[in-house]
Amino acid sequence: MSAQPDHAPVPPYAPAPGAPAELLAQLRASTRAERWVPAFEQEWAAALEESRRTFSLAYLYEVVQVWQARVASAPAVDAFLASGRDDTGFVDLEEIRSRRR
């Protein structure tokens, strides 16, 4: 018998050192650059400040991971919107936010 677990633990996500710069370059080249670049920069600045405060890179990693997912899913979102499919069953987050105010 072994005291070792029978499965390998999943290592925490850690982007490559140049990932934020590469991501920003992708965002700047995107058709959504006007909205996405300022949003990314704002989230990155907030995560950087939080990381300085907590001495943790987790917040920076999370921002990179979320934005990488947004960039990766953008073509699928565009295709869905262009297809004319009915999206009336989806939750309108903007409507929910406005109700909370």
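A nonpolar core is a set of buried Ala, Val, Leu, Ile, Met, Phe, Trp, Tyr and Cys residues joined through side-chain atoms within 4.5 Å. Look for one here, bearing in mind that this model is predicted. The largest nonpolar core has 14 residues. Those with the most contacts inside it are Leu-23, Leu-27, Trp-36, Val-37, Phe-40, Val-63 and Trp-67. The helices α1, α2 and α3 each supply at least two residues of this core.

Take Val-63 from that list. Set aside its neighbours within four places in sequence. Val-63 is then in contact with Phe-40, Glu-43, Trp-44 and Ala-47. Phe-40 is also among the core residues with the most contacts.

The largest pocket has a volume of about 190 Å³. Its lining is made up of Arg-35, Trp-36, Ala-39, Glu-43, Trp-67 and Arg-70. Two helices, α2 and α3 (58-83), each give at least two residues to this lining. The largest share, 4 residues, comes from α2.

Finally, find Arg-32. It sits in the loop between α1 (19-29) and α2 (33-54). Is Arg-32 buried or exposed? Arg-32 is buried, because its relative accessible area is 14%, and buried means under 20%. Beyond residues up to four places away in sequence, Arg-32 touches Ala-74 and Asp-78.

Conventions: Residues numbered from 1 in each chain as written. Predicted model: local features only at pLDDT ≥ 70, side-chain atom pairs only at ≥ 80, totals over all residues. Heavy atoms only, no water. Buried < 20%, exposed > 50% of the residue type's maximum accessible area, 1.4 Å probe, protein only. Contact = heavy atoms within 4.5 Å. 1 Å grid on protein atoms, 1.4 Å probe; cavity = no way out; pocket = protein on both sides within 12 Å on 5 of 7 lines; lining within 4 Å. Points joined across faces, edges and corners; volume = space filled by probe spheres on them.
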